[in-house]
Amino acid sequence: MWLHRVLRTVRLGSKSLMLHKLRSSLTVLGIVFGVSSVIAMLSIGEGARWEQEQEIKRLGSDNIILRSVKPPEDRSMNVANEQVIEYGLKYDDLAQIRQTVPTVRGGVPARITRQEARFGETAIDARIVGTSPEFLKAVNASLDAGRFLAPLDDEEPVCVIGATIKGKLFPVEDPLGRDIQIGMDFFRIIGVMSVGGGATGAGSGVAAEDRNRDVYLPLGTMINTQGDVLIRRSSGSMEAERVELHQVIVNVSDVAQVEPSANSIRHILSRNHAKQDYEVVVPLELLRQAERTQRIFQIVLGSIAAISLLVGGIGIMNIMLASVTERTREIGIRRALGARRQDIVVQFLVETIVLSTSGGLFGLFLGISIPLLVQHMAGMRTIVTLTSLLLSFCISVSVGLIFGIYPARRAAALDPIEALRHE
Amino acid sequence: MTRAAAGGGAGSRNGAIVSIERLSKIYRLGGGEVRALDAVSLAIPEGEFVAIMGASGSGKSTLLNILGCLDRPTEGAYYLGGEDVSKLGDNALSMRRCRFLGFVFQSYNLIPQLTVLENIEIPLFYQGLLPRACRERSRVLAERVGLADRLDHRPTELSGGQQQRVAVARALANDPLVILADEPTGNLDSRTGEEIMDLILGLHRQGKTIILVTHDAKVATHAQRIIRLADGIIIADERREEGPDVVA
Ligand SMILES: Nc1ncnc2c1ncn2[C@@H]1O[C@H](COP(=O)(O)OP(=O)(O)OP(=O)(O)O)[C@@H](O)[C@H]1O
Ligand SMILES: [Mg+2]
């Protein structure tokens, strides 16, 4: 009974709106764009957040990453002097951290260079990482084939290769047991890393690490074959530098202890190093920071959405006021035939809601298609969440409700006799 | 059903279905006041066909609007079906219109975006009838006024006479106690006007109470009783014994 009445009022409302198709659709555009832009922006934001989070998670939220950084004041000097510059993290730093910070469970040292990896005729630029067996666990990586470096491998000429390296050097054959050449030395492949930790999107806050292009050697092997001094040729000039450790991944026993541990580590390092030749990256802090940024982003987005929906709502109200004036006579007729004030209110309110709801529906479609288009054209990851769909749709319906009340009440307030006499 | 709700014949005053006592309508404008109706008393028994005549501005429409519960008198009482409705609120008056009254206007007053059937259905909708029943009844009514072949036409696709037929059918939809018609033939040529009058006379013959405002003396001759208004006062109230259409 009640439902019948509502359905009929909706049908009637749609009919009246269809009488002015162009006007109705133009009116609805405000809501369409409001809703679709909210959904699209939220999905792009959500996509960016997801990627960033993945990247930070890959670094490990219970890890603290220490990196050697060439101190800025040495950069200009070294080309002229051609001396070997020495900077960065020391084995002693790692030992001291392990001793004095009780919450530190382990530290995975790494030495890193860039060289060509060669197999037969093919070669590929690779990142050569000398590290310890614990590396695999510290970065949450896994293997596709074979095994990772083991304690007994230290100083042995073995290596584990990334997925891209495998694809390039061994497109068909099994790489396990083969020898690849790095510099003057040969290394036997004992494992292949699985895909993952791949190239990350641009614009993320964390330095992207493409593990698929890595070759892992035992740390001892690396020191033996490459020496302590790394010579780097870049654009004609030569750079020589001595770095003991390029990177240390410190693993903390408990996520809650990450931040206090990071502070202790910073303290130790600042005591040991006169120059700022290292950096401390705390993925957990980055995660928190990313969440803060995300929240600001959402507030900005919310305001834009609110404004555009407000504009849409005002447009609807405007049209409904015009419609009430135009249909004064109809209102008079209905009142004479027994409609109460509230029947008129409901009639016009339903009309605005039909208007804003259809705008909301079109907005949903557009809002789902725009992110797909963005993902396709710009290669950005977008994630349309159900919450954003529901939220924006509900808002569009309530815009109709809120901005419909005034015109509807005006229609109902008309005196039946005056209304009948109108025109 | 509707009749019982109105209080029935027993509750009506002096057997009148419509009865007004010393009813005034005063418009206060600027300094002075306009007495559109001045202490008018009138009783109309059930089944009577009354014509109201008078010069322009004499208060005919004002009276009809009050009788139609569209307006409230400034002073005096109005008994509709025995119940004083002169001081009822807006919702209560809407309910009385919905249940007991049918209107036919000079300018047809159909809703342009609705079809013939849908126009006839409007009063039924506000009565809360189910859609199926509405459809059924409005079809019967359309056939009764001779528009069986125009059910899905819009008002703009109909002649004036046809539109007024729809209006008559719509006035009948709620099976009203009283049908109020304000110059129903005013916009029609005399032949079409006669057709509409025949329709109204038919209703009268079936026992409906009809109150009709007209300028046209020829139209008024159909009525059993002619009330003449001048400056808000009844100056004549004639019963025509030998009218061409007396209730059987
Ligand atoms: N809303 C109003 N405000 C002020 N005065 C009004 C109003 N409505 C009617 N009047 C006055 O009341 C008087 C009666 O008007 P009414 O409309 O009843 O006349 P009528 O007999 O129907 O005339 P007509 O034959 O031209 O339709 C007129 O003098 C008119 O000016
Ligand atoms: Mg009049």
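1. In this predicted model, Glu121(B) has a relative accessible area of 3% and is buried, whereas Arg135(B), at 28% relative accessibility, counts as partly exposed. The side chains of these two residues, Glu121(B) and Arg135(B), meet in a salt bridge with an N to O distance of 2.5 Å. The pair links distant parts of the chain, since Glu121(B) sits in helix H5 (residues 116–127) of chain B and Arg135(B), 14 residues apart from it, in helix H6 (residues 131–144) of chain B.

2. A salt bridge also joins the side chains of Glu195(B) and Arg165(B), at 3.1 Å, N to O. Glu195(B) belongs to helix H8 (residues 190–205) of chain B and Arg165(B) to helix H7 (residues 160–172) of chain B, so the pair ties together parts that are 30 residues apart in sequence. Here Arg165(B) is buried, with a relative accessible area of 18%, while Glu195(B) is partly exposed at 30%.

3. Glu48(B) and Arg225(B) form a salt bridge through their side chains (2.9 Å, N to O). Because Glu48(B) lies in the loop between strand E2 (33–45) and strand E3 (49–54) of chain B, and Arg225(B) in strand E9 (residues 225–230) of chain B, this contact ties together parts that are 177 residues apart in sequence. Both Glu48(B) and Arg225(B) are buried.

4. In chain A, a network of salt bridges links Arg327(A), Glu330(A), Arg334(A) and Glu351(A); over all chains, the count comes to 35 salt bridges.

5. Gly82(B), in the loop between strand E4 (75–80) and strand E5 (83–84) of chain B, is partly exposed, with a relative accessible area of 26%.

Note on methods:
Residues are numbered from 1 along each chain as its sequence is written. Chains are lettered from A and ligands numbered from 1 in the order in which they are written. This is a predicted model: local features need pLDDT of at least 70, side-chain atom pairs count only at pLDDT 80 or more; totals for chains, interfaces and linings use all residues. Side-chain values use heavy atoms; hydrogens and water are left out. Helices (H or I, at least four residues) and strands (E, at least two) are DSSP runs, numbered from the N terminus. Buried means under 20% relative accessible area, exposed over 50%, partly exposed in between (1.4 Å probe, protein chains only). A salt bridge is a side-chain nitrogen of Lys or Arg within 4 Å of a carboxyl oxygen of Asp or Glu.
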